[in-house]
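Hi,

Here is the structure I promised to send over. Have a look first, and then read on for what turned up.

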Amino acid sequence: MGIRCGIVGLPNVGKSTLFNLLSDGSAEVANYPFCTIEPNIGIVTVPDERLDQLATITNPEEIIPSVIEFVDIAGLVQGASEGEGLGNKFLANIRETDAIIHVIRCFEDKNITHVSDVINPLDDLEIINTELLLADIQTLDRNLLRAEKQSKTGDKIQLAKKAFLTDLLDHLNANQPARSFKISDDQNQWMKELCLLSAKPMLFVANIDEASISDISPYLGQLEKYVGQTEDTEIISLCIALESEIVKLDTNDKDEFLKELNLNEPAINKLIRSSYSLLDLQTFFTAGPKEVRSWSIKRHSNAPQAAGVIHTDFERGFIKAEVISFDDYIKYEGENGSKSKGKLRLEGKDYIVKEGDVIYFRFNV
């Protein structure tokens, strides 16, 4: 399944540097606003050490990890919802993403300009959130106008839709994002049709300096306190400049450098995995002599839906799924060992796939 995360923020907060770090890309990085105009797109693998463990057992020809598509979107300025700067382009590009990675500057550097000439993470955060809300309010105003006209016939569905849009508009006008608005199953499709920007899941990335890795800066502390009180999401602190240097090191030097920083792995790996979790995704595996591969599905997906991620024919002709938990697959050294211990299960259409399941699908088309 395609997964696309948009990297957003004010100009010069480190978006393009982060994008290059994630994707080994070549996004232009410069010390002036709107260096990025057209969005840069990069494919990033999701770190998962379980793939190597499976490969040790099956000795496959190929190992294929899950991937996320990251999009480096033009910097936003105040007034974007009214077309200021590259606002219209910025907002249109966000609509095409599944989740938002919001980069916020939490460091001082006189050599890197800031659009406001003052480092204030909370102000930066509010500018982005406000512009997304204002764009959504415009969208709701248009939809509510149509719903009011259609509800005049007395149609119960249109009356319900009008009430839904009215309540949602009140929620946004109270400075609350659409993702925190509680909806029923019946309203889910209406929400999807609106394509609201503030409905997308959001992850905050605090771009810190090297000193703040071991000693939390006031900027980061303020940001963590604010987000903890107002948002049901995660903040990842990341020294993007330092991570860009770490990625250039060979394996031995990298391990030694991380050890000095008291880190088990580059912090960028956590960001990739958190982006994956942000979209409520989980992983299942297929394993054999040809390939070991991880697949991404929404949590609570059933076996036919998982099969459909591999190929639509697998879902259409689904018969059964042969399932082994990852732990059992490793413990009993593969399919044959797991089967001999009674750990291979035949599951039907109602089976809800669990994180790390190793699955072989039976199908007939």
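The largest pocket comes in at about 1,100 Å³. For the terms: on a 1 Å grid over the protein atoms alone, a pocket is an open set of points where a 1.4 Å probe fits, with protein on both sides within 12 Å along at least five of seven lines, and lining residues have an atom within 4 Å of a point. Volume is the space filled by probe spheres set on the points, which are joined across faces, edges and corners.

Bear in mind that this is a predicted model: local features need pLDDT of at least 70 and side-chain atom pairs 80 or more, while totals for chains, interfaces and linings use all residues. Numbering runs from 1 along each chain as its sequence is written, and side-chain values use heavy atoms, without hydrogens or water.

Back to the pocket: 31 residues line it, with Asp-98, Arg-179, Ala-199, Lys-200 and Pro-201 nearest its centre.

On confidence, the chain averages a pLDDT (the predictor's confidence in each residue, from 0 to 100) of 87, and 90% of residues score at least 70. Residues 26–37 fall below 50, yet that stretch has 36 contacts beyond near neighbours in sequence (heavy atoms within 4.5 Å).

Just after α2, Asn-59 has a positive phi of about 50 degrees.

Cheers

Technical notes. Helix = DSSP H or I, 4+ residues; strand = E, 2+ residues; numbered from the N terminus.
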